[in-house]
Amino acid sequence: MEIERTSLPGIGLQHVFTTARGRRVGIVSHHSGRRDLVVFDRDDPDTAATTIVLTSEEAGAVAELLGTARVVERLAELHRHVEGLVSRQVPITAGSPYDGRPLGDTRARTRTGASIVAVVRGGGVVASPRPDFVFEAGDIVLVVGTADGTAAVAALLGTR
């Protein structure tokens, strides 16, 4: 898929792509953090038919929702093609030694060989959480690796 990138002086950056059904869709990223989701007119591809203004928080939520599907699709594809690869959901409980601590403190990949690829929190998903992501009780951590590696992460994140 081709994405057109256009600098908008004094505003920010615009990315536009055409869907498989021929609709032009764009995202305008303002310097302020605001994002505009733009659906262009079918008859005039330079005219916006609809614009949805999103706050930075709303744009992040939409990105997480869209990114979640990609993570799940990729995991399913990996499971089909890589023998021995498993995924496991590990809850962060109030008694976990990592409740309130960042992912980087776990050193999970170094210690176990398994990777933390997503965290489900309050109905949303944080795909590919960064090392500074702070776990909270109630989080569900998605771990990918071998059966032994994912079990080791579960033990690592488990109750004290």
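A: Let's begin with a term: two strands pair if DSSP finds at least two bridges between them. Helices (H or I, at least four residues) and strands (E, at least two) are themselves DSSP runs, numbered from the N terminus. Please keep in mind that this is a predicted model, in which local features need pLDDT of at least 70 and side-chain atom pairs count only at pLDDT 80 or more, while totals for chains, interfaces and linings use all residues. Residues are numbered from 1 along each chain as its sequence is written, and side-chain values use heavy atoms, with hydrogens and water left out.

Now to the sheet. Four strands make up an open sheet, in the order β6-β9-β7-β8, with antiparallel pairing. The edges belong to β6 and to β8 (124-127); each has a single partner strand, so one side of each has no neighbour in the sheet. From one strand to the next, the twist averages 25 degrees. (Axes here are lines fitted to C-alpha atoms, for helices over the stretch in contact, and angles run from 0 to 180 degrees between N-to-C directions.)

How covered is β9? Five of its six residues are buried, so that the strand is mostly covered. Buried means under 20% relative accessible area, exposed means over 50%, and partly exposed is in between (1.4 Å probe, protein chains only). Helix α3 (residues 147-157) lies across β6, β7 and β9, and runs at about 10 degrees to β6.

Thr106 counts as buried because its relative accessibility is 0%. Contact means heavy atoms within 4.5 Å; leaving aside neighbours within four places in sequence, Thr106 is in contact with Tyr98, Arg111, Ile116, Phe135, Leu156 and Leu157.

Finally, the charged side chains. A salt bridge is a side-chain nitrogen of Lys or Arg within 4 Å of a carboxyl oxygen of Asp or Glu, and by this rule the count comes to six. Arg121 forms a salt bridge with Glu136, where the closest N and O atoms are 3.6 Å apart. Arg121 belongs to strand β7 and Glu136 to the loop between β8 and β9, so this pair ties together parts that are 15 residues apart in sequence. Asp139 also forms a salt bridge with Arg121, with the closest N and O atoms 2.8 Å apart. This pair links distant parts of the chain, since Asp139 is in the loop between β8 and β9 and Arg121 in strand β7, 18 residues apart. Together, Arg121, Glu136 and Asp139 are linked in a network of salt bridges. Arg121 is partly exposed, with a relative accessible area of 28%, and Glu136 is partly exposed at 41%, whereas Asp139 is buried at 1%.
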